[in-house]
Amino acid sequence: MSYSFNEIRLDKGMYGIPGKSFTQVLENLDPSENYVGTPVENLDAFQRQLKRFDIHVKGAGSDMVEKFFQTTDSAVLFPEYVSRAVRAGMEEGNILPSIIATTTRFDGLDYRSVYTANTDDEKSLRKVGEGALIPATEIKTSDHSVHLHKRGRMLIASYEAIRFQRLDLFGVMLRQIGAQIMRMHLEDAIDILINGDGNNNAAAAFTVGDAAIGGTAGSLSYSDLVAFWNQFDPYTMNTMLASPDVTAKILACDEFCNPLTGLNFPGTGEPGSPLGAKLLRSSAVPAGTLIGLDHRYALEMVQAGDVSVEYDRLIDRQLERAAITSISGFAKLYTEASNTLTV
């Protein structure tokens, strides 16, 4: 059977089209809908090109890196392979989706989010008499723009050094680069949750042993967690992001010894919470710190494009010092939707 994807001309210019990824450009030239009911209907446009050049990127029988460079056309596929492998690493163990309310795609470097500028009285629900004004919610643009940070790693490896390496092994190295980039974005998100985004919206800070929480400084009890949970009205603390030492103290609470929690943690490795909040552990959180948040309202992630690779260098086999980058920033949405607790 003859397929049209075998006739597509590939060139570097397919990476430089504004607002479109390489795969999107391929999809426009070779729509996946044309392959419904065929043996390749489960492949996207890029995967069909891998099939075209018989390049196997996974498994024990994966090809060597040099397979991409057998022809001028197949070499054009290499930057997209690198980008996909890095994205896979960014998605492995990524906890950002559990702490952000929404993700905004933005082409530029000066982004201003919005917020509601209302007093407690304006936020309250009141009866509206006949002919009376309905209470209003005012939405304003933030005073300070969101700072977008370019995070990335430099790929330093000569073509001669990796040309005979299996793509499956090389992909492991690329996924690790992706995991490192995502760790940087997570650190940015945690900094914004704690200190705010420059719009006077730092998280309210509580400490075990103070008047609001009670307890004994340096220790953490279930009653301390309940007192912290109680600070979120009208929001709900449905997520707890904790440093490793605080996570250990939470798991050591007597309330975690109940049968349901005891079976869940050893059986799945995912700790539950007596408070009904999802417990996330990260060494990116400062030691002795617990961040509680209502992930539905706390944080906005702003992304400027996708993973970027220096496709010219990669296509020309100049892998040494080829940059792999991702640009993202974060904005606080509702200040009261996140608080911090110092143990």
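**Entry 1: Val25**

I began with Val25, which is buried at a relative accessible area of 6%, where buried means under 20% relative accessible area, exposed over 50% and partly exposed in between, with a 1.4 Å probe and protein chains only. I noted that this is a predicted model, in which local features need pLDDT of at least 70 and side-chain atom pairs count only at pLDDT 80 or more, while totals for chains, interfaces and linings use all residues. Residues are numbered from 1 along each chain as its sequence is written, and side-chain values use heavy atoms, with hydrogens and water left out.

I then looked up the place of Val25 and found it in helix H1; helices (H or I, at least four residues) and strands (E, at least two) are DSSP runs, numbered from the N terminus. Leaving aside neighbours within four places in sequence, Val25 is in contact with Met14, Ile17 and Lys20, contact meaning heavy atoms within 4.5 Å.

**Entry 2: H1 against H2**

How do H1 and helix H2 (residues 45-52) pack, at what angle and how far apart? I found an angle of about 80° and axes 8 Å apart, where axes are lines fitted to C-alpha atoms, for helices over the stretch in contact, and angles run from 0 to 180 degrees between N-to-C directions. H1 and H2 are therefore roughly perpendicular to each other, since angles under 35 degrees count as roughly parallel, over 145 as roughly antiparallel, 65 to 115 as roughly perpendicular and the rest as oblique.

On the H1 side the contact is made by Phe22, Thr23, Leu26 and Glu27, and on the H2 side by Ala45, Phe46, Arg48 and Gln49. By class, I recorded four nonpolar, two polar and two charged residues; Ala, Val, Leu, Ile, Met, Phe, Trp, Tyr, Cys and Pro count as nonpolar, Asp, Glu, Lys and Arg as charged, and the others, Gly among them, as polar.

Apart from neighbours within four places in sequence, Arg48 is in contact with Phe5, Glu27, Asp30, Pro31, Ser32, Tyr35, Val40 and Leu43.

**Entry 3: aromatic rings**

A search of the whole structure gave me 14 aromatic pairs; rings of Phe, Tyr and Trp (its six-membered ring) pair if their centres lie within 6.5 Å, and planes under 30 degrees apart count as stacked, over 60 as edge-to-face and the rest as tilted. Tyr15 and Tyr311 form a stacked pair, with 5.1 Å centre to centre and 15° between the planes. This pair links distant parts of the chain, 296 residues apart, with Tyr15 in the segment before helix H1 (22-29) and Tyr311 in helix H11 (residues 311-315). Tyr15 counts as buried at 16% relative accessibility, whereas Tyr311 counts as partly exposed at 24%. I also noted one aromatic cluster, formed by Phe68, Phe69, Phe78, Tyr81, Tyr159 and Phe170.

**Entry 4: backbone angles**

Before reading the angles I reminded myself that most residues other than glycine have a negative phi, and most peptide bonds are trans. Asp54 has a positive phi near 55° although it is a residue other than glycine, and I found Asp54 in the loop between H2 and helix H3 (72-75), where it counts as partly exposed at 44% relative accessibility. Asn200, also not a glycine, has a positive phi of about 55°; Asn200 sits in the loop between helix H7 (167-195) and strand E7 (204-207) and is exposed, with a relative accessible area of 80%.

The peptide bond from Asp233 to Pro234 is cis, with omega near 10°, and Pro234 is found in the loop between helix H8 (222-229) and strand E8 (239-242).

**Entry 5: a strand and the whole chain**

I looked up Leu279 in strand E9 (residues 278-281), where Leu279 counts as buried at 7% relative accessibility. The C-alpha atoms of Leu279 and Met240 are separated by 4.8 Å, although these residues are 39 residues apart along the chain.
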